[in-house]
Amino acid sequence: MRYGIIGVGAIGGYYGSKLAHSGQEVHFLSHSDYQFVKERGMQVDSCDGSFHLFPVNVYQYPTEMPKCDVVIVGLKTTNNHLLPELLPPLLHEESVVVLIQNGIGVEADVQKMFPEVQLIAGLAFICSAKTEPGHVNHQCYGSINLANYSCRDEVRFAEILDDFTNAGIVAASVPYDEARWKKAVWNMPFNGMTVALNTRTDLLLKNPATRQLIYDQMMEVIGAAQHLGVTGLDQSFADKMIQMTDEMTPYSPSMKLDYDFHRPMEIHYLYTRPIEIAEASGYQMPKLKMLEAELKFLSE
């Protein structure tokens, strides 16, 4: 299959490069890094084995790219307003779009933009950063869950899973709602708290007060998911996420990096939207609503 990558950052750069390194045909849309990647390629420094990708099929404009069977969107959701311009040149009638993005409600909004396009949610569990052109630093983890949102082609869905697996990526198929809310259990506490307190994940858990607050926030997310009828989430999942983060390399999540580099933060889909969805069903998330207010203050 032919893959297109929109957003060659820590996520799109990593997964796209892994697919290309495994032999898949991959085409990258890159604006700021275009000249660097064209001349020098992509460097992936990874805990699972580093590699250099050269030459790279890289383009500055979507109209220069070929039609793709699978388009992976690794953009921050703050740039989703660009999708009506970026996506159409890459799509044919049977194209599948994989949104590897954070938050709740992303697919519903993208589907409104493209009613006929087949969408898959990609939930990445990875510590990865890109802080210089053409260079991805993959620190640990790296698995991805794929959840079918509106993909009509079950064979294509299975082929995408196989391609990720053959590229050395641990990939699994999971139910959509469960996948999105499970990701939120980690994302909502740690992304915002590292920004609000200007710290790292490990330091939040080393302090008893903030460790308890993180746990309480996780339980708010789990409570909201359960209230909405999502199965597969209970207290044991919060325990698992805490343990996983205890064992993780000290890490600044994507929102902390966005804040540090003066980029827009993904507050809407990470906080505002899930809080609104929970409230509409009669469930309150007071600790996370306070965190949302603090992030909006810092953002403005």
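Which residue in β5 does Leu29 stand opposite?

1. Basis. This is a predicted model, in which local features need pLDDT of at least 70, side-chain atom pairs count only at pLDDT 80 or more, and totals for chains, interfaces and linings use all residues. Residues are numbered from 1 along each chain as its sequence is written, and side-chain values use heavy atoms, with hydrogens and water left out.

2. Strand pairing. Leu29 stands opposite Tyr59 in β5. Strand β5 covers residues 58–59 and runs parallel to β2, with 2 bridges between them. Leu29 is also the bridge partner of Ile6. Strand β1 (residues 2–6) and β2 are parallel as well, joined by 5 bridges. Two strands are taken as paired if DSSP finds at least two bridges between them. Helices (H or I, at least four residues) and strands (E, at least two) are DSSP runs, numbered from the N terminus.

3. Crossover and burial. A right-handed β-α-β unit is made by β1, helix α1 (residues 12–21) and β2. Right-handed here means that, with the strands pointing away from the viewer, the path from the first strand over the helix to the second runs clockwise. Strand β2 (residues 25–29) is mostly covered, with 4 of its 5 residues buried; buried means under 20% relative accessible area (1.4 Å probe, protein chains only).

4. Largest pocket. A pocket is an open set of points on a 1 Å grid over the protein atoms alone, with protein on both sides within 12 Å along at least five of seven lines; a cavity is a set where a 1.4 Å probe fits but cannot get out, and lining residues have an atom within 4 Å of a point. Grid points are joined across faces, edges and corners, and a volume is the space filled by probe spheres set on the points. The largest pocket has a volume of about 1,300 Å³. Its lining counts 49 residues, and Gly9, Ala10, Gly74, Leu75 and Lys76 are the closest to its centre. Two or more lining residues come from each of α3 (83–86), β8 (118–132), α6 and α10 (254–260). Strand β8 has the largest share, 9 residues. By class the lining has 25 nonpolar, 16 polar and 8 charged residues, where Ala, Val, Leu, Ile, Met, Phe, Trp, Tyr, Cys and Pro count as nonpolar, Asp, Glu, Lys and Arg as charged, and the others, Gly among them, as polar.

5. Asp258. This residue is in helix α10. Asp258 counts as buried because its relative accessibility is 2%. Leaving out residues up to four places away in sequence, Asp258 touches Lys76, Arg263, Pro264 and Met265, contact meaning heavy atoms within 4.5 Å.

6. Second largest pocket. The space here is about 300 Å³. Of its 15 lining residues, Phe125, Asn145, Phe237, Lys240 and Met241 lie nearest the centre. Helix α9 gives the most to this lining, with 6 residues. The lining has 8 nonpolar, 3 polar and 4 charged residues.

7. Cavity. The count comes to 1 cavity of 30 Å³ or more, and the largest cavity holds about 40 Å³ of space. Helices α6 (176–196) and α11 (267–280) each supply at least two residues of its lining, and α6 gives the most, with 5 residues. The lining includes Arg180, Lys183, Tyr269 and Leu270. By class it divides into 6 nonpolar, 2 polar and 2 charged residues.

Terms used:
Buried < 20%, exposed > 50% of the residue type's maximum accessible area, 1.4 Å probe, protein only.
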